[in-house]
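User: I'm new to this one and would like a quick walk through it. Can you start with the overall layout?

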Amino acid sequence: MDDTDRWRDMASAPRDGSRILVTIRQSEQGPAEVDLAYWSNGDQFGAEGWRASDSSPGHIIEYAEPELKCWMPMPSANRTSMPSPWEGDDEQELHGSGI
């Protein structure tokens with residue numbers, strides 16, 4: 001399955017505070033890009049809406065609905081996709097100094 005099969009319309013995005021990947025539309029400020037975001041119900045720091053996950057009190061990055069094109073769930077950390085541990089014998093080879 002390639003990434004185009006996993007992107008979904010923003011209307012179906014979860015609004016429960018879970019983190020998702022979003023595509024930010026291309027604009028005069030720059031090309032389209034992907035960010036990690038979540039839905040905030042609003043608090044003393046900002047209004048209800050989409051926020052970048054690296055937002056913090058006093059520095060909230062909010063996205064208006066029209067700025068976001070689509071979303072996908074965060075990829076899972078699947079143990080089967082993890083690389084095998086390095087099992088070499090020569091420590092110098094590991095650090096590239098075994099030349």
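Analyst: Along the sequence, the chain runs β-β-β-β-β-β-α, which comes to one helix and six strands. Helices (H or I, at least four residues) and strands (E, at least two) are DSSP runs, numbered from the N terminus. This is a predicted model: local features need pLDDT of at least 70, side-chain atom pairs count only at pLDDT 80 or more, and totals for chains, interfaces and linings use all residues. Residues are numbered from 1 along each chain as its sequence is written, and side-chain values use heavy atoms, with hydrogens and water left out.

User: What share of the 99 residues counts as buried?

Analyst: The share is 23%. Buried means under 20% relative accessible area, exposed over 50%, and partly exposed in between (1.4 Å probe, protein chains only).

User: Which residues make up the largest nonpolar core?

Analyst: There are twelve: Met10, Ala13, Ile20, Val22, Ile24, Ala37, Trp39, Trp50, Ala52, Tyr63, Leu68 and Trp71. At least two each come from β2 (20–24), β3 (33–40), β4 (49–52) and β6 (68–73). Strand β2 gives the most, with three residues. A nonpolar core here is a set of buried Ala, Val, Leu, Ile, Met, Phe, Trp, Tyr and Cys residues joined through side-chain atoms within 4.5 Å.

User: And what does methionine 10 touch?

Analyst: Leaving out residues up to four places away in sequence, methionine 10 touches Val22, Trp50, Leu68, Lys69, Cys70 and Trp71. Contact means heavy atoms within 4.5 Å.

User: Staying with β2, is threonine 23 buried or exposed?

Analyst: Threonine 23, in strand β2, counts as buried because its relative accessibility is 12%. With the neighbours up to four places away in sequence not counted, threonine 23 touches Trp7, Glu33, Val34, Glu67, Leu68, Lys69 and Cys70.

User: Where is glutamine 29 found?

Analyst: Glutamine 29 is in the loop between β2 and β3. With a relative accessible area of 71%, glutamine 29 is exposed. Its side chain makes a polar contact of 3.1 Å with that of serine 27. That term means a pair of N or O atoms within 3.5 Å; within protein, one must be able to donate a hydrogen and the other to accept it, and residues adjacent in sequence count only if both atoms are side-chain atoms.

User: One more topic: how do contacts divide by sequence distance?

Analyst: Among contacts between residues at least 6 apart in sequence, 43% join residues at least 24 apart.
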